[in-house]
Structure formats: C-alpha cells, structure tokens
Amino acid sequence: MRIAVIGGGPGGLYFAALAKQLGPDHEIRVWERNAADDTFGFGVVFSDETLGGIAHADPVIHDQMEAEFARWDDIDVHYRGEVVTSGGHGFAAMGRKRLLEILQRRCADLGVDVRFRTRAPDVERLAGDYDLVVAADGLSSAVRTKYADRFRPTLDVRRCRYMWLGTDKVFEAFTFDIRQTPYGVMQMHGYPFDAHSSTFIVEMHDDVWRRAGFDAAEGLDLAPGESDVASVATVRDIFAQTLGGHRVLANNSRWISFTTVRNESWSKDNVVLLGDAAHTAHFSIGSGTKLAMEDALALAACLHESPDVATALAAYEAERKAVVASTQRAAQASLEWFENLGRYTHQEPLQFAFNILTRSRRITYDNLRLRDPGFIARVDDWFARAEKEAGRGTGVAGPPMFAPFRLGELELVNRVVVSPMDMYVSVDGLPGDFHLVHLGGKALGGAGLVMTEMVCVSPRGRISPGCAGLWTDEQRDAWRRVVDFVHGCSRARIGVQLGHSGPKGSTRLMWEGMDRPLPEGNWPLVAASATPYREGVNQRPTSLDRAGMEQVVADFVANTHRAAEAGFDVLELHCAHGYLLSSFLSPLTNRRDDEYGGDVAGRLRFPLEVFAAVREAWPAERPMTVRISATDWVDDGISLEDTFEVARAFERAGASAIDVSTGQVTPDEQPAFGRSYQTPFADAIRNELHVPTVAVGVISSYDDVNTTVLSGRADLCALGRVHLYDPSWTLHAAVEQDYDGPGAPWPQPWRAGRRKPQTGRDDGPRPRLQLIRAEGPGDGHQRWRPQGGR
C-alpha cells in the first residue's frame, strides 16, 4: 500500500510506525509543516491502559517512553488554604518534545519518509495518488473542513478560557489549585513530566477572564510560537504561592476557548480522520495525545486485519467511536464542572476534594475507596459529623446513602427513593392487590421513601385506561390499604405523586405502544396550548380557558384531601414530562399570548396556582415536592436559567425539595443518555440555589448513590428500574457494603437473611500464603521526587 499521513504529531507518527511494522512493504510518507524540533506544549499524560497497548504494539517505543516517565499516584487539591491529598491514581507523564523525538527516530529506523517543514499536497491529489490518506492534522483540520459535508462535524466552543504553560517547579503530584480572586474563582492544574519541569494549565470562566482584564489580549496578533507575555506575568502573580518563586515557562502560550470536536463520520472514501481532527476531549480528564495514539493503534490493526481499505476504515470507526464517545461523555461532565466551579466554593475542603475527584462520574466513591481507603474514611467521618451538626444522624460514619434525611419535617431513614413508575394495571383508577405487593415490597426492601406512580386527578387526566386515580372515595380507601401496610410493616415513608396527563393522555398501555393514541374510547384532552404531542398522530388538545383551569385546580384539591385522608406522608406535584402542568412550563408547548404564557413568569403562573391550592389543602406538617423537566433536550426548549426560576418559585411557594428529571416534552428530543445523566441538573439547582434536590435517571448502583450524596450533587436519589429488578435493592446494597445499621432496617421476620449466602467453595476463608504482606491499593502514597530534580 501507499499511505499518506498529513500531520507529524504523535498520532500521525505512531500510526506510521505501526503500519510500517505490520507491512514492511508499505510506502508511507508523512508531511509535517513544522520543523522536527518544533513543539508547542509541555508534558503529556498516559493511562496504564494506554501504555499496556503501546507495550504490546511496539516494545521499542514503549521501553524508550518508560525510561522517560515521571510516575506518581497522588492528587493534591489546594483549596481554602488547605491541601487535601488522595492517592492510588497512577499517572505517567513525559515531555511532548521527547515523545516526538522517540517517534521520529522510530519512524526513521523503520523506513518511514517523514518530511518536515513541508506542507502536504492537496488532499484530493493525495487521495488519487495513495491508497490511504490519514488526516492527523489536528484541531483546525483543513481536511475536515474541506469535506465537512461528508464528515458532518460539530464544533462546540465552550465558556472557559485556558492557557498552557510550564514551570521549573517540579510538582510531586497532580495538583489542583483553586484560587478565589477579586474577579472570581480561577483554577490551575499542574503535573510533572520530567526531573526539572511541570505542565501548568490555568483556566477560568469567560466572565472571570474578562473581569480580570485578560480580554485585552483579544486584540493581539501573535505569531506561531509567540506568547501573551502580559497575561503570563499576571498568572505568575496570581499563583505565586503555589509556584513558590519558580519560573513560569511560556511556549505558544495564549488564551484559548476549548472546542469539543465531534464528527458523524470519520472517513470519506480512502481519507480518514485521526486524533484531534476526529474528536477532542477536555484536557481535565486526560490527554489528546493519548486518544490520538489509541486511534493510531486501532487504525493500523484494522488495516492489517481487513481485506481492503473500505472494510478497514469501517472497522476502525466502529471500534473507536464507542470508546471515544464514552471518553467524551466523561470529558463533558468534567468540562461543565469546571465551567461552573464557582457553584462549589461553599463546600468544605474534604467534600470539595471528593467532588472534584468524582466530577466526570468515572471515578466514584467505591473506586476511591479501593484507591485510597484512608481518604474515603476521612470524607465519611466529615460527612457524618456534618450531618449530626445539621440535626441528622448519630455522627457514626457509614456509607452516605444510609444517612437519614429530613424532608421538611419528615424524617427519612436513608437517601433512597423508589421513583414513581407508572404500572398501568388499575381498573377505573382503582389500585388493587398488585399495588399492595408492588409498593409494599419496595417498602420492606429498605428504601427510605416509596413513591406511587402518577396518580391522576380525574378520568380525563389519565395517561391510559390503566392509570390509577384518587378522584373517588373508593380509590382513597384502596390507597389507604397500601399506606397502612407500609406504615405497619416497614420504616419507609410513602408518597403520592399527583398529576394530569394533559396533551399526552388517552393513549394505550405502555406495552401496547407508548404514547400511541387509543384505537377507540378516546377522551378529550386539554393543555396549555392546542398543540398535540405528535402532530398527525396524537389527539389535538383544547387550550385551557379560565373555567377549565378552575376545574383542574378543584380536581387537584379534591385529590389532595383524599391523599391526606389515605395517610400519605409526602405529596409530589408532577410538573414534568410534557403532562398538563409541564405543558405550561415549556416554551415548546406553551404558545399562549395571555398572562399564562410568554416569559417564564407567565408560564409559571398556572402551575404555581395549582401548587398553592394543593399546598393549602395538604396538611402543613407534611412535605410537598415538585417534579420538573430541567431541560427539553432541544435547542429552543426551556433554558437552564428558566429552570432555575421554576425551581426557585416552587421552593418559595413551599416545596421541600425539587425532584429533577428531564425531557419527554417533545418527541424531537435528543437526550445525552448515560449513567446518572440527569444528575448534573439536580446538582446545578442544589448548588446554585441551595435548594434540596432529588436526583433521578439511570442511577443504577449504590456506588452512584453514595457518590451523588457525598459530593453534594443531590440530597436524595430516586431509582426506578433497579427496584423492579430487585425489590430489596436497598437491603442488599447494605449487605454488599457490610452495613448493618439504622439506615437499612430489615423487617424482623427477614433478619435471618441479612447475610449474603455463600455461592460456592471459593467463598470460604483463605489461608495466608505470603510471609510479608504486600501493600494493597491505596495503602501508600507515591509522589514524584526524582533524583537530581529541583
């Protein structure tokens, strides 16, 4: 094969070296516009996983890299005058310039033709002359731009400014330095990469950057390699304490807005993207060099394994896209955390350190306990003391999910909520034996709060014919039977979620076709505006007039009285997912031109009227919560600023917590689906407004619950599907964590089962086979202290 590589960075060079080894007869030529000894940047960081791949693919390169590495496993968080350290993380870093020298030498030894200070010929010409063209031409890829109609890139320019620098201070650990300045919070992260130098990255929100006067640099016309010396001097002064008198080193150092690059397709005919040309991930979770070299390994392997270029490129894209997408999800979470860093500066140092370490959701409570059990023990102790000082708990440390919580005046034994889940098995709105077993079983299973499905306030407010209601006294009495069982046989509390289907009513049972209209027996629908959920599919609702609003309010109030009489402990008002009250809140579904539409204050008016009437009818000592959709997952949906106004308004009206869900308002939504994907919205409301929140949405492990609660992202976690899989999920989570305390109350008849049963001979005790015990993960701390370093 004849292979052309555009770009002589680490990704392009590593691909060329691997492809040449796998095919010594390949003719491979690399074009690099810079000189061989030009490099912009300082150090690069690798994971053990990536290094394992390099060792397997090319031991020569790996061994030379290994000889250069700075290695350490500690992370230091400098915050509020304290340094909090966590160990067991495992880093390896080296200078970017030295990495390029190793790769250049390897390519030369293998016979790859690398042409420095030479621009590549036009890509169309290369595509005609070569069997394969690899575009490793970086963030500003000319190849990607030329074929944008095929690659379909999106470039997401973010809201922080950052600058790459170096320093002759040798950090002993990966270092976060969080600085409160007169302009706002700034942060630095630095790490060593050899015996004499460290990378030093400064980042801050755009607003802080402008207030600090750094925007004066916008008018500078800097040549390649030239640095913004005035900004560098100011940064040196701001972080002088951390630098300890050491120099700040500049190399092409200027302010940058991070751009997340994604491409729908990575190849066009025989042209393929690699590295930053194909994708970027925020530097706070790893190195673009690492991703590019992983791309290179995968592309070289797919070429070797495939019968032709087209098959190889399809295999490469299929293999790498999933890996990169996972990395980009974690990077996005980390990036957004740093964009909103100011939200968390009220936290105490230990909680803040735990929060920053778990920000990407890849590192969790359990993961940190394995890496550094001493760190988690300190954070657990702090949390237990803080909870006791707040009037909750005994001060005895344990898994955070088992800490009690006071919802209004209601005491919950732990932080686990059985999320409302529609069952669609009621007849004429009447709950039956299924509900007794379904909800009673979850209460016996240890959850602190068990929520009903959405209980509809009228026959015309049902989603489907199988929905439960509270519009009759017979329904009230049936619910009382469930409530009495929960109160009599468990320590759980039970809540009712009241709602009205609005434009999403009169549909089939979920398993017959979700959100599909009934084939017959339809009932008329109402909504904020006469807009159907699906145009041409779902029934067109009638826009509520004043008389209709008054009837809806009366229905909610009557249902509230019955809920109180049934003995429910909590009442949640359903204002999410495109149902009636949600249809008022979202600009997508509220197109009114009266006082109930328009800006967020107008759109809030009717839901607040309903809330006020329900709050007045609901016993004062019993708490109310509100479920909202924090985003519609489309560009013109509700904004985060409007969501803050919605949450603030309900809290001021008397809500004890905001249950933060998202979406289901429009069928056009494009949710960023993944583990705990809605938690960032609960986090934003809690830490921006200081309002208690319930997190919900693919929270699927006790590790997720512990991480969410301990980091301060939410107060309670609502889990749905895991409770369908295991009704005793909370009790089993306690067993898995060796917890046997008041936060996991086993029913007395079940206590004999609170030990996990053995599953085989391997469960028995093991003999000691080591004379001297080896240190386990997190038993010690490795820091970078090179011989001869400064």
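User: Of the contacts in the protein chain with a separation of 6 or more, what percentage do residues 24 or more positions apart account for?

Analyst: A contact means heavy atoms within 4.5 Å. In this predicted model, residues 24 or more positions apart account for 72% of the contacts with a separation of 6 or more. Residues are numbered from 1 along each chain as its sequence is written, and side-chain values use heavy atoms, with hydrogens and water left out. Local features need pLDDT of at least 70 and side-chain atom pairs count only at pLDDT 80 or more, whereas totals for chains, interfaces and linings use all residues.

User: How many helices and strands does the protein chain have?

Analyst: Helices (H or I, at least four residues) and strands (E, at least two) are DSSP runs, numbered from the N terminus. The protein chain has 26 helices and 29 strands. Its radius of gyration, taken over C-alpha atoms, is 29 Å, close to the 28 Å that the globule rule (2.2 Å times the number of residues to the power 0.38) gives for 790 residues, so the chain is as compact as a globular protein of that length.

User: In what order do the strands of the six-stranded open sheet lie?

Analyst: Strands of a sheet pair through backbone hydrogen bonds, either parallel or antiparallel. Two strands are taken to pair if DSSP finds at least two bridges between them. Here the order is 8-2-1-9-17-16, with mixed pairing. Strand 8 (113-116) and strand 16 stand at the edges with a single partner strand each, so one side of each lacks a neighbour in the sheet. Strand 9 (residues 132-135) pairs with strand 17 in the parallel sense over three bridges; Val-134 has Val-272 in strand 17 as its bridge partner.

User: Is Asn-270 buried or exposed?

Analyst: Buried means under 20% relative accessible area, exposed over 50%, and partly exposed in between (1.4 Å probe, protein chains only). Asn-270 is buried, with a relative accessible area of 14%. Asn-270 lies in the loop between strand 16 (267-268) and strand 17 (271-273). Beyond its neighbours within four places in sequence, its contacts include Tyr-130, Leu-132 and Leu-313.

User: Where does Leu-581 lie?

Analyst: Leu-581 belongs to helix 20 (residues 580-585) and is buried at 1% relative accessibility. Not counting residues up to four places away in sequence, Leu-581 touches several residues, among them Phe-556, Phe-606 and Val-610. His-500 is 81 residues from Leu-581 in sequence, yet the C-alpha to C-alpha distance is 7.4 Å.
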